[in-house]
Amino acid sequence: MAKDYMPPSDFLRDLIDEDVEIEADDTATVKRLLSFFKDPDAANRDWAVFLLGQSEVDTKAVRDALVQALDDEDDSVRAEALVALAQRDGDLARPHVLEALSAEGVYPTVFEAAALCAHPDLIKPLRGWLKATGDKEVDQMVAEAVAACEASAK
């Protein structure tokens, strides 16, 4: 996310500014974050998914909300949800990563999700992105994802 990209929500900004770690037993905060997954403002949705994704919280409700966020109208929200889901369950995320890799344009975090899934099924579609982006940093992400998937095939 861009350094100056902030959500309009005071609650989300407070979480960001205070660098509060979101704990699994803090059900009120988790529930409130999940409510932002349906917020009309894409920045609020994006940040809520990102913040929850950076946490260790892993419940059925969180996974279900992340799967639903994969259908968000905003590319950034979908990409953040994909990474967060891959951190929690690579098998559940993998078909969504495959679908994202087949798109004409791919958000860089999709490559991060692919590396987290680390599955041989992702090698071929990832190789199609090797050196294809023209961005050294993103190309490195692709190479790392390919390496992770190749390592899982051994």
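Start by selecting Pro125, which is partly exposed at a relative accessible area of 25% (buried means under 20% relative accessible area, exposed over 50%, and partly exposed in between, with a 1.4 Å probe and protein chains only). You are looking at a predicted model, where local features need pLDDT of at least 70 and side-chain atom pairs count only at pLDDT 80 or more, while totals for chains, interfaces and linings use all residues. Residues are numbered from 1 along each chain as its sequence is written, and side-chain values use heavy atoms, with hydrogens and water left out.

**Stop 1: around Pro125**

Pro125 sits in helix α8. Helices here are DSSP runs of H or I with at least four residues, strands are runs of E with at least two, and both are numbered from the N terminus. Which residues does Pro125 touch, not counting residues up to four places away in sequence? Select Leu98 and Leu101 to see them; contact means heavy atoms within 4.5 Å.

**Stop 2: zoom out**

Show the whole chain as a cartoon. You'll find nine helices and zero strands, so the chain reads α-α-α-α-α-α-α-α-α from the N terminus on. The radius of gyration is 16 Å, close to the 15 Å that the globule rule gives for 154 residues, so the chain is as compact as a globular protein of that length. (The radius is taken over C-alpha atoms, and the rule is 2.2 Å times the number of residues to the power 0.38.)

Along the principal axes, the C-alpha atoms fill a box of roughly 40 × 30 × 25 Å. Of the 154 residues, 42% count as buried. Take the contacts between residues at least 6 apart in sequence: 59% of them join residues at least 24 apart.

Switch to a surface view if you like. The chain exposes about 8600 Å², and carbon and sulfur atoms supply 48% of it; these areas come from the Shrake-Rupley method with a 1.4 Å probe.

**Stop 3: helix α4**

Select residues 60–69, which make up helix α4. Which of its residues are buried? Color Val62, Ala65, Leu66 and Ala69. They cover an arc of only 100° around the axis, which puts them on the same side of α4; the arc is that of the directions from the helix axis to the C-beta atoms. Bring up α2 (27–35), α3 (42–53) and α5 (75–88) as well, since you want to see what the buried residues of α4 pack against.

**Stop 4: inside the neighbouring helices**

In α5, pick Ala81. Buried or exposed? Ala81 is buried, with a relative accessible area of 0%. Leaving out residues up to four places away in sequence, Ala81 touches Val49, Leu66, Ala69 and Leu70. Then draw a distance to Phe37: this residue and Ala81 are 44 residues apart in sequence, and 9.9 Å apart from C-alpha to C-alpha.

Move to Arg45 in helix α3. Arg45 counts as buried, at 5% relative accessibility. With residues up to four places away in sequence left out, its contacts include Phe36, Phe37, Asp72, Glu73 and Asp74.

Next comes Thr29 in helix α2, which is buried at 15% relative accessibility. Setting aside neighbours within four places in sequence, Thr29 is in contact with Phe11, Leu15 and Ile22.

**Stop 5: a loop residue**

Go to Glu56, in the loop between α3 and α4. Glu56 counts as exposed, at 71% relative accessibility.

**Stop 6**

Finish with residues 109–117, helix α7. Its buried residues are Thr109, Val110, Phe111, Ala113, Ala114 and Cys117. What covers them includes α5, α6 (90–101), α8 (123–127) and α9 (136–152).

Now step on to Ala118, in the loop between α7 and α8. What is its phi? Ala118 has a positive phi of about 45° although it is not a glycine. Most residues other than glycine have a negative phi. Ala118 is partly exposed, with a relative accessible area of 25%.
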